[in-house]
Amino acid sequence: MGNADSKLNFRKAVIQLTTKTQPVEATDDAFWDQFWADTATSVQDVFALVPAAEIRAVREESPSNLATLCYKAVEKLVQGAESGCHTEKERQIVLNCSRLLTRILPYIFEDPDWRGFFWSTVPGAGRGGGDEDDENARPLAESLLLAIADLLFCPDFTVQSHRKSTVDTAEDIHSIDSCEYIWEAGVGFAHSPQPNYIHDLNRTELLKLLLTCFSEAMYLPPSSDNSNTNPWVQFFCSTENRHALPLFTSLLNIVCAYDPVGYGIPYNHLLFSDYREPLVEEAAQVLIVTLDYDSSTSSSPTVDGTTTSTAMDDADPPGPDNLFVNYLSRIHREEQDFQFILKGLARLLSNPLVQTYLPNSAKKIQFHQELLVLFWKLCDFNKKFLFFVLKSSDVLDILVPILYFLNDARADQSRVGLMHIGVFILLLLSGERNFGVRLNKPYSVRVPMDIPVFTGTHADLLIIVFHKIITSGHQRLQPLFDCLLTIIVNVSPYLKSLSMVAANKLLHLLEAFSTTWFLFSAVQNHHLVFFLLEVFNNIIQYQFDGNSNLVYAIIRKRNVFHQLANLPTDSQTIQKALQRKKKTPEPISRTNSQEGVSMEGSRPAAPAEPGTLKTSLVATPGIDKLTEKSQVSEDGTMRSLEPESLPSPLEGSPPSAVSDTESWSGETSQPKQERRRLSSASSTGQWSPTSDWVISWKSKLPLQTIMRLLQVLVPQVEKICIDKGLTDESEILKFLQHGTLVGLLPVPHPILIRKYQANSGTAMWFRTYMWGVIYLRNVDPPVWYDTDVKLFEIQRV
């Protein structure tokens with residue numbers, strides 16, 4: 001039968017289903033087989049031939065027929081898994097049913113009345129398959145998930161057969177040990193099977209169905225308590241699934257072993273179509289969804305025990321019930337496994353950068369957001385991995401791509417989520433001393449980025465990119481300013497030598513943030529000044545020797561510090577400053593920042609094309625909820641501080657931290673001029689600055705160290721200039737390099753680090769972000785498009 005006939009017959013069956021008003025018996029195989037037995041329809045065909053309106057019509061008007069169709073399709077998958085799919089015909093039936101269910105499931109999920117359907121039992125579908133009582137029957141969802149798991153390790157269908165010759169009897173799918181059939185070498189598996197195009201395609205189809213099963217989460221609104229675990233994920237990742245370990249390992253290895261360059265030969269992808277990439281994308285998406293787990297509500301899944309010889313650490317505690325999270329948290333072999341994972345993720349994240357200086361040399365991958373979520377989960381759930389990442393300068397191979405993405409997406413409203421996850425990862429890393437130390441490595445990779453040319457270290461790169469985000473990103477990024485500056489504060493005690501470009505950028509930020517209208521226009525804006533002062537204090541107290549560029553920049557801009565010390569606090573001046581603000585629509589002036597020439601070959605960060613789709617996000621918790629303070633002792637160890645014992649710039653703010661609840665994420669209802677305003681708090685119209693309020697935090701500004709430095713050094717610098725008639729920077733810098741403030745500064749303050757702490761707010765943010773990415777990235781076929789999702793809104797830029 002030709003493909004056209006096959007499509008026609010399939011379409012006829014669909015029309016019959018939609019027009020039948022009477023229930024069709026489940027035993028009427030002649031009718032039901034039309035949907036899968038004799039057709040060869042691609043997944044795209046199925047989407048075209050089964051229109052949304054018709055699925056909804058059957059759901060409303062003849063629900064029993066839709067129920068039977070689902071039940072029969074699952075039954076066919078179960079039979080395929082039982083038999084091991086030895087014939088071409090059986091494989092075709094499995095694929096057809098898989099495509100049909102991928103098409104129908106979202107319409108089951110969007111209707112609350114249907115949501116329980118897959119969790120109900122179907123008569124006769126017993127757990128043991130025999131005729132025992134129906135109490136033993138499995139819910140349809142469980143049968144479907146177990147069948148998918150079996151089919152993913154089905155010899156000659158999704159994995160290479162281990163038979164020596166065709167004479168051997170076919171492998172019994174129930175007796176095979178799927179750990180011997182892991183899809184790719186890597187964690188816990190040394191053997192790399194011969195790539196097989198057909199197997200990759202079949203795996204991709206089944207994983208797409210699995211992802212669709214998991215997508216019920218998209219049809220529930222975001223909740224604050226986060227208690228609603230996804231029953232599909234929960235069951236699939238439980239001990240009920242005998243393939244949990246080999247499947248977890250297969251997904252992780254497939255992703256981390258992928259090389260889009262094509263066997264290391266540049267331009268190779270132009271000659272061969274890459275059938276592996278769709279599988280890698282699907283694997284990455286399934287993996288991050290199975291790892292959607294709120295670590296703040298449970299005992300942390302991280303394990304610190306003695307290492308054993310296996311890939312998974314067997315130490316107690318047993319960790320979470322979700323086996324995927326459990327396995328991820330127990331990987332521990334450094335040389336074999338951590339190295340493999342880190343190298344793989346760094347290679348894939350750097351792929352878009354390779355594009356820019358060798359265009360078309362490698363296939364450009366599009367799933368960097370999924371990779372960032374995966375990297376986040378690894379660091380969050382497996383502290384040994386986090387420490388391994390920070391142990392060597394390999395962490396910079398993750399840092400540079402993240403800074404590239406942040407810089408590239410800063411003007412694009414549709415990529416707010418990408419900006420957030422990049423910043424979250426850097427916040428998590430910055431809580432560890434080693435990250436600050438690693439940043440001192442000279443930056444020599446010349447990735448074309450739309451930033452000023454500089455010579456310096458990775459710390460300089462980070463500061464210059466953050467400055468660019470703050471001064472030339474779009475308005476929606478403002479809630480990230482606290483995070484960006486917290487990262488700089490966290491690394492500042494370890495920065496040995498900032499370049500002049502980076503030093504000037506930090507002072508430009510202080511200048512912009514300490515204007516009176518900015519300080520008085522929102523309840524939390526003064527925190528940004530506190531963070532910057534903390535950066536300067538850390539560097540002066542702990543890294544004075546190598547930082548003559550910063551000291552020189554502070555001396556040049558000394559009036560900014562004097563103005564802060566003499567900040568007016570009377571109501572009249574406060575009101576006047578706010579009046580001036582109304583005339584100044586620009587959030588942060590770009591003047592006084594010597595921009596310099598951008599790097600060669602770079603393109604300016606572009607806004608989103610009008611009409612670009614984006615998904616809304618829930619608001620992220622404020623920085624005080626995102627982090628907890630730790631004090632670094634003399635020996636470098638950290639101890640967590642009790643909240644009340646802290647001198648904190650966050651005091652002196654009214655208790656209503658608006659940023660925690662206000663959704664600045666995707667509200668289009670606010671009028672334009674409100675959104676133009678710099679602060680999320682001022683738009684509520686509740687709050688206005690008072691004299692007492694300004695006095696309450698002005699008295700806490702940590703200016704002592706800097707004032708003392710200016711008191712000692714300014715007269716000396718002025719004297720040199722007069723004596724030698726100098727206008728030349730280099731002489732002054734030379735003097736500052738050899739100067740010392742030993743014994744002249746106040747006693748060094750203890751170093752405070754704000755470490756990321758797991759919380760249900762971020763867990764919910766990750767869930768909405770991750771599913772939003774998956775929704776937008778699955779366009780061929782458009783699995784969820786135009787269905788009634790509730791987890792986020794779909795908006796056009």
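## Salt bridges at a glance

At 42% relative accessibility, Arg 242 counts as partly exposed. That value, like everything below, comes from a predicted model. A search of the whole structure finds 33 salt bridges, and Arg 242 takes part in one of them, with Asp 150 as its partner. Here is a friendly tour of a few.

**Asp 150 and Arg 242**
- In this salt bridge, the closest N and O atoms of Asp 150 and Arg 242 are 3.6 Å apart.
- The pair links distant parts of the chain, 92 residues apart: Asp 150 belongs to helix 7 (residues 140-151), while Arg 242 lies in the loop between helix 9 and helix 10.
- Asp 150 counts as buried, because its relative accessibility of 14% falls under the 20% cut-off.

**Glu 240 and Arg 138**
- Glu 240 forms a salt bridge with Arg 138, and their closest N and O atoms are 3.2 Å apart.
- This pair also links distant parts of the chain: Glu 240 sits in the loop between helix 9 (231-236) and helix 10 (244-256), and Arg 138 in strand 2 (residues 137-139), 102 residues away.
- Arg 138 is buried, at a relative accessible area of 15%, whereas Glu 240 is partly exposed, at 40%.

**Arg 333 and Asp 337**
- Arg 333 and Asp 337 form a salt bridge, with 3.2 Å between the closest N and O atoms.
- Asp 337 is buried, its relative accessible area being 0%.

**A network**
- Salt bridges also join Arg 56, Arg 59, Glu 60, Glu 110 and Asp 111 into a network.

- Oppositely charged side chains can pair when their charged atoms come close.

Definitions and conventions. Residues are numbered from 1 along each chain as its sequence is written. This is a predicted model: local features need pLDDT of at least 70, side-chain atom pairs count only at pLDDT 80 or more; totals for chains, interfaces and linings use all residues. Side-chain values use heavy atoms; hydrogens and water are left out. A salt bridge is a side-chain nitrogen of Lys or Arg within 4 Å of a carboxyl oxygen of Asp or Glu. Helices (H or I, at least four residues) and strands (E, at least two) are DSSP runs, numbered from the N terminus. Buried means under 20% relative accessible area, exposed over 50%, partly exposed in between (1.4 Å probe, protein chains only).
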